[in-house]
Amino acid sequence: MEVWIAIGAVVLLALYAITTYNGLVGRRNGVRNAFAQISVQLKRRHDLVPNLVAAVRDAMAFERETLEAVVAARGRAISANERATTGGAAERSAALAAERELGAGLGRLLAVVEAYPEIRSGAHVSELTEELRSTENRIAFARQHYNDSIQSYNDRVQMFPSNVIAGLFGFRTEAFFQVDEAETAVPTVSLR
Amino acid sequence: MAMNDVAAAEQADDVPRPIEGPRIDRTDFASAIRANRRRSLMICAGLTLLGVVLGYLVGFVILPPDNLAAAGAEQTGWVGDDAWLLTGGGAVGAAVMAAAGGLWSVLALTRGDRMALSIAGARDADPVAHRRLHNVVEEMALAAGLPKPRVMVIDTDMPNAFAAGLRPERGTIAVTRGLMERLSRDQLQAVVAHEMGHLANGDSRYMVVVSVVVGLIVIVASIARSMARFGALSGGSGRGRGSDRGGGGGNAALVVIALVLMLVAFLAPLAAQMMKFALSRQREYLADATAVKLTRNPQAMIGALDQLDRAAAETSRAAPVSARALEALWIVNPLDGPGESGRRRRPAGLFSTHPAIEDRIDRIRAMA
């Protein structure tokens, strides 16, 4: 009798350990997938810039420096991201800064486009501004989901009793993605 | 109850009037989702139990156990070796009911969402003509961490939306043309987030299962009502197989059972419908909360609900027939007519699929 109880307890413990381990792996992969999703959306942003610039260049000769700033920021963001894929923490934070700069530039550009009805009303331009706005949203929402996934993973790593399994197999908490307030806001469009 | 009173008292400062029913905590949506899941599992279990009891009673009257009268009047059946309540027609009825419920559920689960979409007349949204809608759906899918659902459009002026899909990974979000025309981009996003919430929370799956069980209960209850009359007659007039030997005791037991059966048969469909509506209303609150979590923009959700409410008041008379069949699926109830002040009348509490818009807006404000 006692033997069976002992065997039952061991089997239950093993089942718990297996499901917890699998749950931790699943959440960790969720975090990685969420991070990859951000890169996908950043790539989308990079691809969008040349089209947008081409569409508004002629109409916006008087806003040349806004356009040039965006094009330069795009170049810096792309090369910073390339370095970050192979580099360490310093390269990654440089890439973040470059993306932040590009985001701010695009926000200004969007505001300028909205401020000039004759530019905005062009079919191609209004399509592009919708795409730009969606891209900025997607980046924000992908980051939001990344942080949500990290929270769900970290909860499991730190909370009892799953933290015991996490400790045994070397699962470590992940750091949240931090951005300053200015960037979390979707670029607001106001006539000036 | 006491818990709610305390919660309501604490909220008195910033919420205009006390909020009844289970509250969704301000930020912790995960626990709200868990609580709601628990509740709906309980409701599903309760409805299934109700169905099985009804099936038992019907079976009991159609096929009374042979050994009832033979066992004699003093054998009550609840105790003793001849536990006849567990044998005979009742057990068969309960088993049939459970099997029918299972079969019906499987059918509804595999075909239900496509049926709902075709009843509503939903068509795939063109990726170029409906670029903004596609973009908004993809944004919300990213926020929820789900694959992009199928996007469909329903060609009607009535502004409304619904989600179908039995698994979060294979969902469909359908919005009406009227919705796209009336709402701003942010408000459209809030509505899509609400529907994404239904998908993420597994609402459509639960609602399909619950609707199926409720439908079965309503059907079986109406059979049970006629059976109950028959049962009372046969029990009272001595038509039962062994009544000439068993005497008055067996007959009295049958009459009592028939009376209970009558009562249950009349009350069960009512109770089942009420439970379904209660569940549906909870789901709406939860989807609103999820939408706010996904968009982090409660104002857009409030604005969208307000707009939809006003518009539904205008279009309720002209609502297509299909709207009634899918009443519980829409983001706002398409059938509530206008009230005196131009606003819609408050839905009649227990029998409404949706909470009053004011209550939904109050709860979103409480979370913001």
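A salt bridge is a side-chain nitrogen of Lys or Arg within 4 Å of a carboxyl oxygen of Asp or Glu. In this predicted model, five salt bridges are found by that rule across the interface of chain A and chain B. One of the pairs that form a salt bridge consists of Glu138(B) and Arg138(A), whose closest N and O atoms are 3.6 Å apart. Between chain A and chain B, the count of residue pairs in polar contact, with both residues at pLDDT 80 or more, is nine. On the side of chain A that touches chain B, the elements giving two or more residues are helix H1 (2-56) and helix H5 (123-158) of chain A, and the largest share, 12 residues, comes from H5(A). The residues on this side of chain A comprise seven charged, six polar and two nonpolar ones.

The contact as a whole draws 15 residues from chain A and 16 residues from chain B. Together the two chains bury about 1300 Å², of which 46% lies on carbon and sulfur atoms.

Within chain B, four strands form an open sheet of mixed pairing, in the order E1-E2-E4-E3. Strand E1 (122-124) and strand E3 (161-164) of chain B are the edge strands, each pairing on one side only, and the twist from one strand to the next averages 30°. E3(B) runs antiparallel to strand E4 (residues 172-176) of chain B, to which four bridges join it; here Phe162(B) stands opposite Ala174(B). Helix H5 (residues 131-144) of chain B packs on the sheet, where it touches strand E2 (150-154) and E4 of chain B, and its direction makes about 135° with that of E2(B). Helix H7 (residues 185-200) of chain B, in turn, lies across E3 and E4 of chain B and runs at about 25° to E3(B).

Note on methods
Residues numbered from 1 in each chain as written. Chains lettered and ligands numbered in written order. Predicted model: local features only at pLDDT ≥ 70, side-chain atom pairs only at ≥ 80, totals over all residues. Heavy atoms only, no water. Contact = heavy atoms within 4.5 Å. Buried area = accessible area lost by both parts, 1.4 Å probe. Polar contact = N/O pair within 3.5 Å; in protein donor to acceptor, adjacent residues only side chain to side chain. Nonpolar A, V, L, I, M, F, W, Y, C, P; charged D, E, K, R; others polar. Pairing = 2+ DSSP bridges. Axes fitted to C-alpha atoms, helices over the stretch in contact; angles between N-to-C directions.
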